[in-house]
Amino acid sequence: MEVALKIWRYDASTGQRALKPYEVDVSDEATLLDTLDVVKDKVDGTLAYRKSCRMMICGSCGMRMDGRAILACKERMKPIVDSGHVPVISSMGNMPIIKDLVVEMDPFWKKVRDVKPWLDPGYDEASEKERVVSQQQMNVIAKESLCIMCGCCVSECNAMEADPDFRGPAALAKGMRFVGDPRDNIEVERLNELNDEHGIWDCTRCYFCNERCPKGVDPRDAIAKLGAESVKHDITWDLGAKHAKWFITSTKTTGWLRETELVPKTQGILGALKETKFALALARRGKVPPPGPIHVAADVDEARALYNLVKEQGRDGAAGIVQGERGLARIEHVEAEKAHEEAAGDGSA
Ligand code: SF4
Ligand code: SF4
Ligand code: FES
């Protein structure tokens, strides 16, 4: 089939950027990566992009198609050709471009290294026996373990656009992969570090990372798990954690969010006083609810019952964060397979 595409070419040494059109003949099964290979082989050998495995496991070929981050080896070209669309290919966002579709990933790797991406079991000498960990224990980090470090989530992260020092979804998902691992013994130390100035509470919850991750890691869910684990371990010195805690207290006691008290409960009395001017401006526009009497929702018992259920089930911390559908489907598949094997085993006995 004949594929037309446009590629943003960039040369860091000259600073020149240009959108160039290409047309090549590829097989019907061709991915974007196959198409780029043909462009490089037959049209312009100077085109630069990264690749290695060609099968969605090495994470090298992250780039953007029509403004959204993708893995080039995962995108089939046939449906795009059939629709008559000419896609625009560019480098990933939030990372400086070195050449064409190749970005500087050093800051990305530094952030990953900063979360200590290795197990620290808390002892120097390994025990004689192996340490068995159940599937159920590992389910908490089933999705985070799938990360291939492609950077697609970082490319789309709103918080990183505003603050390049934000740890970012990939590093934080990696952080959760070790915080949630039952074999790791420095969980509290890790959580304290991840609560720092550019840490978990700076995420704007835009969910773009979940949407763009090609492997179903759902980094935003990982960040939510880190927040829940922090509250569980009473690591609540950050304003974001205080804010989250007040949400829980407020909904548990009245069934709704008491916004008037949100600022003093989160920032303290002194912090709240500093916001007086802003509060008065809101009040003048009728945007501040009256301080009293405290409104209690008619169905407050439902909110309390939910709170109590979570406590009874021991679902505070990461266990209380609802997993994305893809992650759940995978876990259900593994469990169904196990049940099937057990049933087959019973039959043969
Ligand atoms: S949800 Fe948070 S981490 Fe994910 S892309 Fe948005 S701001 Fe970044
Ligand atoms: S979380 Fe997903 S998008 Fe982000 S680096 Fe890992 S695999 Fe790539
Ligand atoms: S080439 Fe390895 S993920 Fe695409």
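User: How do the residues of the lining of the largest pocket divide into nonpolar, polar and charged?

Analyst: In this predicted model, the largest pocket holds about 1,200 Å³ of space. Its lining comprises 38 residues, and those closest to its centre are Ala228, Val231, Ala244, Ile248 and Ile321. By class, the lining divides into 19 nonpolar, nine polar and ten charged residues.

User: Which element gives the most to the lining of the largest pocket?

Analyst: The elements that give two or more residues to this lining are helix H10 (219-232), H11 and H14. The greatest contribution, eleven residues, comes from H11.

User: Why is H11 oblique to H14?

Analyst: The axes of H11 (residues 239-254) and H14 (residues 300-312) come within 6 Å. On the H11 side, the contact is made by Ile248, Thr251, Lys252, Thr253 and Thr254, and on the H14 side by Val300, Ala303, Arg304 and Tyr307. These residues divide into four nonpolar, three polar and two charged. H11 is oblique to H14 because the two axes cross at roughly 130°.

User: How many residues of the shell around ligand 1 are charged?

Analyst: The residues around ligand 1 include Cys157, Cys203, Cys206, Cys209, Arg205 and Arg220. Nine residues of this shell are nonpolar and one is polar, while the number of charged residues is two.

User: Which residues come nearest to ligand 2?

Analyst: The shell around ligand 2 has eleven nonpolar, one polar and one charged residues. Of the 13 residues around this ligand, the nearest are Cys147, Cys150, Gly151, Cys153 and Cys213.

Definitions and conventions:
Residues are numbered from 1 along each chain as its sequence is written. Chains are lettered from A and ligands numbered from 1 in the order in which they are written. This is a predicted model: local features need pLDDT of at least 70, side-chain atom pairs count only at pLDDT 80 or more; totals for chains, interfaces and linings use all residues. Side-chain values use heavy atoms; hydrogens and water are left out. Axes are lines fitted to C-alpha atoms, for helices over the stretch in contact, and angles run from 0 to 180 degrees between N-to-C directions. Helices (H or I, at least four residues) and strands (E, at least two) are DSSP runs, numbered from the N terminus. Angles under 35 degrees count as roughly parallel, over 145 as roughly antiparallel, 65 to 115 as roughly perpendicular and the rest as oblique. Contact means heavy atoms within 4.5 Å. Ala, Val, Leu, Ile, Met, Phe, Trp, Tyr, Cys and Pro count as nonpolar, Asp, Glu, Lys and Arg as charged, and the others, Gly among them, as polar. A residue is near a molecule or strand if one of its heavy atoms lies within 4 Å of it. On a 1 Å grid over the protein atoms alone, a cavity is a set of points where a 1.4 Å probe fits but cannot get out, and a pocket is an open set with protein on both sides within 12 Å along at least five of seven lines; lining residues have an atom within 4 Å of a point. Grid points are joined across faces, edges and corners, and a volume is the space filled by probe spheres set on the points.
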